[in-house]
Amino acid sequence: MSKANQLLNIEVGTFKRQGNKLILELNHNQFRYDQLSELNELKQADPNFLQLVNLIEQDQKVVLTYTLPDKVKSLKELPHENKAIRSAIAQEIMRQDVVTDSQYHIALNPANLWYYPMRHVWYAYRANELMPYDDKHSNLAKYKALILFCLTGTPYERLLSNPKEALAKHPDEYLQQVAKATSLAELKEVVNGVEDFVSYHEWQAVEQNQQKNKQRFWLSVAGIAIVAVVAIGLVHKNDERKYQSLANQNQAQVTRLRYSGKIQTALNDKKWSEAQEAMKKAGYSSSKQAQTFLKHKQYQQALNNDPNQLSKVVNTAYANKDSEQVAKWELPSSATSKQKDQLSLEKAIVNYDTNTLNNQLSFATNGDVLLRIGQAFVAHNDTQDAQTVQTKLAGVNSPKAKYLKALLSLNSAKNEVSDAQKKLDDANKIDGGKDKDKDKKVDSAKSDLKNAQSDQSAAQKQVDQAKHKVGD
């Protein structure tokens with residue numbers, strides 16, 4: 001079958017490619033809408049997604065038609081690319097992190113992704129609550145399987161249930177870190193490390209083969225640039241501009257790797273200023289510097305370099321159980337008023353400033369922020385406000401909303417256990433000489449406590465399951 005007519009299977013159905021069109025036909029009974037127009041929101045343009053150009057009902061089926069950019073490739077073809085392209089695409093996927101703030105359920109199956117070397121990735125199918133979607137695995141499990149597929153070519157479906165399967169033929173320490181990642185934040189760090197690992201070993205190969213003569217060294221680098229250009233198919237006889245662009249990128253990479261040792265030494269010695277100076281000389285962008293500091297839990301340093309990373313810095317701090325540090329953070333003068341307002345809200349969550357939380361709740365649209373607000377209310381036994389947050393969160397991020405609902409149920413169950421324990425304690429204090437029914441009251445209180453504890457155990461299981469689907 002030619003690429004123009006290839007079939008690609010995802011969890012809910014099969015794509016059929018026809019030229020620059022991608023068509024997905026799904027049985028009508030998989031949907032829960034009253035009017036097809038309820039799905040029109042999926043037609044809204046988004047740079048990370050293929051454009052949905054047609055959505056119709058036909059012969060008891062719902063037919064979705066997407067447009068494919070010129071020369072785009074299915075991610076299923078990625079294992080045939082060289083290591084540099086595979087690692088670049090893997091890093092772009094984690095950089096996009098399309099599921100974190102999306103209100104939609106996004107298929108992360110490689111058959112749903114399209115790419116163009118080196119760093120262009122698009123997604124096709126995304127579903128609202130009225131459409132079929134896969135909820136059997138957490139976002140973390142899906143991303144692990146997707147990244148390991150990109151790097152090793154091991155089938156995505158097998159990696160979903162056993163990410164370590166990729167290690168059988170590829171016993172690499174970095175891939176082990178991918179398989180063992182416990183959060184999306186950790187997985188992003190590891191994927192960034194994979195790219196550095198690829199670059200580092202390519203650089204080592206250059207050093208081993210080059211001669212000490214400085215002139216020959218730079219000729220060798222130029223030769224490597226030419227080989228790289230040819231390898232990824234970007235240079236043609238009359239395309240000097242693209243050649244020069246990639247050559248410049250190669251030289252920048254060489255500069256970065258020359259300083260990598262100094263950077264790592266300064267970081268290990270916790271000499272943050274020296275590390276930052278070395279990163280500047282290595283040509284690190286502000287974003288790259290921030291990400292590097294974030295790996296070492298230097299949140300303030302990360303914000304100083306790139307306040308645009310605020311959401312990522314906050315999420316990482318919570319993942320590292322360092323949320324108490326949020327109250328101490330400051331933003332540089334270059335930060336926008338929106339970023340300053342966002343940090344003020346994050347501080348209000350940590351400090352449990354109820355006035356700010358209630359005033360800002362109607363403006364909050366980020367799923368992570370709403371969940372943190374809800375958790376703050378739950379932690380302080382404010383059930384009513386927590387339920388208000390849960391209702392709003394349901395329209396923003398369904399898995400996070402279900403998790404908050406489970407936390408509310410668990411909090412209620414804990415309160416019931418506390419009340420039952422108090423009643424048992426009171427029953428045990430009864431003077432048996434004055435109240436002949438003491439034993440009956442004690443037995444009844446014990447039974448009530450046992451039932452309450454059973455309910456708490458069941459609620460805890462619901463929390464664990466909901467948290468797993470959140471993926472963090």
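Predicted model: local features only at pLDDT ≥ 70, side-chain atom pairs only at ≥ 80, totals over all residues.

**Entry 1: leucine 303.** I started with contacts, counted when heavy atoms lie within 4.5 Å. Leaving aside its neighbours within four places in sequence, leucine 303 is in contact with Leu310, Val313, Trp329, Glu330, Leu331 and Pro332. I found leucine 303 in helix H11, residues 299–305. Helices (H or I, at least four residues) and strands (E, at least two) are DSSP runs, numbered from the N terminus. Is leucine 303 buried or exposed? Leucine 303 counts as buried because its relative accessibility is 0%; buried means under 20% relative accessible area, exposed over 50% and partly exposed in between, with a 1.4 Å probe and protein chains only. I also checked serine 287, 16 residues away along the chain: its C-alpha atom and that of leucine 303 are separated by 9.6 Å.

**Entry 2: ground rules.** Residues are numbered from 1 along each chain as its sequence is written, and side-chain values use heavy atoms, with hydrogens and water left out.

**Entry 3: the whole chain.** I noted 18 helices and 10 strands in the protein chain. Of its 472 residues, 46% are buried. Among the contacts with a separation of 6 or more, 60% are between residues 24 or more positions apart.

**Entry 4: the sheet of 3 strands.** I traced an open sheet in the order S6-S8-S9, with antiparallel pairing; two strands pair if DSSP finds at least two bridges between them. Strands S6 (73–74) and S9 (120–123) are at the edges with a single partner strand each, so one side of each has no neighbour in the sheet. S8, residues 113–116, pairs with S9 over 4 bridges, and leucine 113 stands opposite tyrosine 123 in S9. S6 and S8 pair over 2 bridges, with serine 74 opposite tryptophan 114 in S8.

**Entry 5: helix H1.** What lies across S8 and S9? It is helix H1 (residues 83–96), running at about 55 degrees to S9. Such angles run from 0 to 180 degrees between N-to-C directions, with axes fitted to C-alpha atoms, for helices over the stretch in contact. I checked the length too: at 1.5 Å a residue, the 14 residues of H1 should span 20 Å, and the end C-alpha atoms are 20 Å apart, which agrees. The expected span is 1.5 Å times one less than the number of residues. Because 11 of its 14 residues are buried, H1 is largely enclosed by the rest of the structure; among them are Arg86, Gln91 and Glu92. At the N-terminal end, asparagine 82 caps H1, with a side-chain oxygen 3.1 Å from the backbone nitrogen of alanine 84. After H1 comes aspartate 97, with a positive phi near 40 degrees.

**Entry 6: the sheet of 5 strands.** Last, I followed an open antiparallel sheet in the order S1-S2-S3-S5-S4. S1 (7–10) and S4 (51–58) are its edge strands, each pairing on one side only. Direction ignored, neighbouring strands here are turned by 25 degrees against each other on average. S3 (residues 21–27) and S5 (residues 61–67) pair over 7 bridges, and asparagine 27 stands opposite lysine 61 in S5.

Note on methods
Polar contact = N/O pair within 3.5 Å; in protein donor to acceptor, adjacent residues only side chain to side chain.
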